[in-house]
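Subject: Structure handover

Hello,

Here is the structure we talked about. Please open it alongside this note.

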Amino acid sequence: MASLAYSSSGKLAPTNNFRSSIPAKNTFISCRLNYKENGRPNTQQEAMPYSLTSNQFERMPVRKDEKRLRIFSGTANPLLSEEVACYMGLDLGKIDIKRFADGEIYVQLRESVRGCDVYLVQPTCPPANENLMELLIMIDACRRASAKTITAVIPYFGYARADRKTQGRESIAAKLVANLITEAGADRVLACDLHSGQSMGYFDIPVDHVHGQPVILDYLASKTIKTDDLVVVSPDVGGVARARAFAKKLSDAPLAIVDKRRHGHNVAEVMNLIGDVKGKVAVMVDDMIDTAGTIAKGADLLHREGAREVYACSTHAVFSPPAIERLSSGLFQEVIITNTIPVSEKNYFPQLTVLSVANLLGESIWRVHDDYPGGFEHFSGLGID
């Protein structure tokens, strides 16, 4: 049986700072970290190719109370977990995750977590069922190892779109998954850009909801686009609140809405456009890109309505086929995403830019761990919940 073990390797994974320089296409935003006396990092920006490299860095001694904090990574997105741990100046915990020949998952912690505050970083991205089950077993392993608290850090929450009944005799899978995570033994959930705000109410434990949009906003602010030329576009009526908050943060840019009619799951048909985009730079904003049908048809409509350039911005890049073909077809000047879901090398194309949310998640973990009373204004202050 194959074995996957995660432990400290002395490698520095890249992260991004919120005020980023303009990167080349097809890049990660990264930074070198120099730790101050309090263990928090200073950041110095640089752009680097998506093929990641190792860097040497100096790690300050861990504070006594920080020895009670443990971060473990599942197999869904280990690179993001390394970046988060690097930002926090900590090592990833040692854990063995194995798959038996019949597909069953085995998890064993390779270090003591008795009395510790444990954070498990595991998005439930495709394959969703595999990664969700792995998260549940990791939570159970920590609970049985007498961890003081267990926080599930879920950069991408799968099944979030099944958050209500739109027809008779449908399940509400988002509530079911929330129950599973709670019953497995999690004390808290830290999630990034849930598909809908009401998903927080499905949990019977505290949920910290942070938004990845500030990372994208900061990147767009670094680009030489005139404010008068911008228009923020919602690809559907359901995303109007998100787009409106995004537009307000982007120099109070005007808003346009693509009206669509969906005839089936992952199938969308664009009908018309509400708003003026003629001669403007259109920035389409959504929480996720799955098959890219909605956003590609919306971009085609924007070009027909006279938009000069179209940018696509999304926190979660699910990229189910044929998303790559649609996104790389020339409709978009740039496709800006974050690394909440790992993007395989074969899915990169020239217009793609990947921003890291490691700093955002790392700072959020610090604030939860330190019982910081001020909330997450700088990191989640879009005001859309």
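Below is what turned up, from the whole chain down to single residues.

First, a caution. This is a predicted model. The protein chain averages a pLDDT of 83, and 78% of the residues score at least 70. Residues 1–61 fall below 50, although this stretch has 161 contacts beyond near neighbours in sequence. Residues 378–385 also stay under 50 in pLDDT. For them the model has 26 contacts beyond four places in sequence. Where pLDDT is low, the predicted coordinates should not be read in detail.

Overall picture. The protein chain has nine helices and 17 strands. Of its 385 residues, 56% count as buried. The chain exposes about 16900 Å², and carbon and sulfur atoms supply 48% of that area. Take the contacts with a separation of 6 or more: residues 24 or more positions apart account for 67% of them.

Strands E8, E9 and E10. I would start here. E8 covers residues 149–154, E9 covers 188–192 and E10 covers 207–210. E8 and E9 run parallel, joined by four bridges. E9 and E10 also run parallel, again with four bridges. Together, E8, H3 and E9 make a right-handed β-α-β unit. How much of E9 is buried? Four of its five residues are, so E9 is largely enclosed by the rest of the structure.

Aromatic pairs. How many did a search of the whole structure find? Two. One joins Phe 100 and Tyr 106, with ring centres 6.1 Å apart. Their planes stand at 80°; the cut-off for edge-to-face is over 60 degrees, so this pair is edge-to-face. Phe 100 is partly exposed, at 32% relative accessible area. Tyr 106 is partly exposed as well, at 30%.

The other pair is Phe 157 with Phe 203. Here the ring centres lie 5.7 Å apart and the planes meet at 55°, so the pair is tilted. Are these two residues buried or exposed? Both Phe 157 and Phe 203 are buried.

Pro 78 is in helix H1, which spans residues 78–88. Pro 78 is partly exposed, with a relative accessible area of 23%. Its C-alpha atom is separated by 8.3 Å from that of Val 121, 43 residues apart along the chain.

Helix H5 runs over residues 240–249. Which of its residues are buried? They are Val 240, Arg 242, Ala 243, Ala 245, Phe 246 and Ala 247. Ser 251 follows H5 and has a positive phi, near 60°.

That is the handover. Questions are welcome.

Best wishes

Methods
Residues are numbered from 1 along each chain as its sequence is written. This is a predicted model: local features need pLDDT of at least 70, side-chain atom pairs count only at pLDDT 80 or more; totals for chains, interfaces and linings use all residues. Side-chain values use heavy atoms; hydrogens and water are left out. Buried means under 20% relative accessible area, exposed over 50%, partly exposed in between (1.4 Å probe, protein chains only). Helices (H or I, at least four residues) and strands (E, at least two) are DSSP runs, numbered from the N terminus. pLDDT is the predictor's confidence in each residue, from 0 to 100. Contact means heavy atoms within 4.5 Å. Rings of Phe, Tyr and Trp (its six-membered ring) pair if their centres lie within 6.5 Å; planes under 30 degrees apart count as stacked, over 60 as edge-to-face and the rest as tilted. Accessible areas come from the Shrake-Rupley method with a 1.4 Å probe; for residues, only the protein chains shown count as cover. Two strands pair if DSSP finds at least two bridges between them. A crossover is right-handed if, with the strands pointing away from the viewer, the path from the first strand over the helix to the second runs clockwise.
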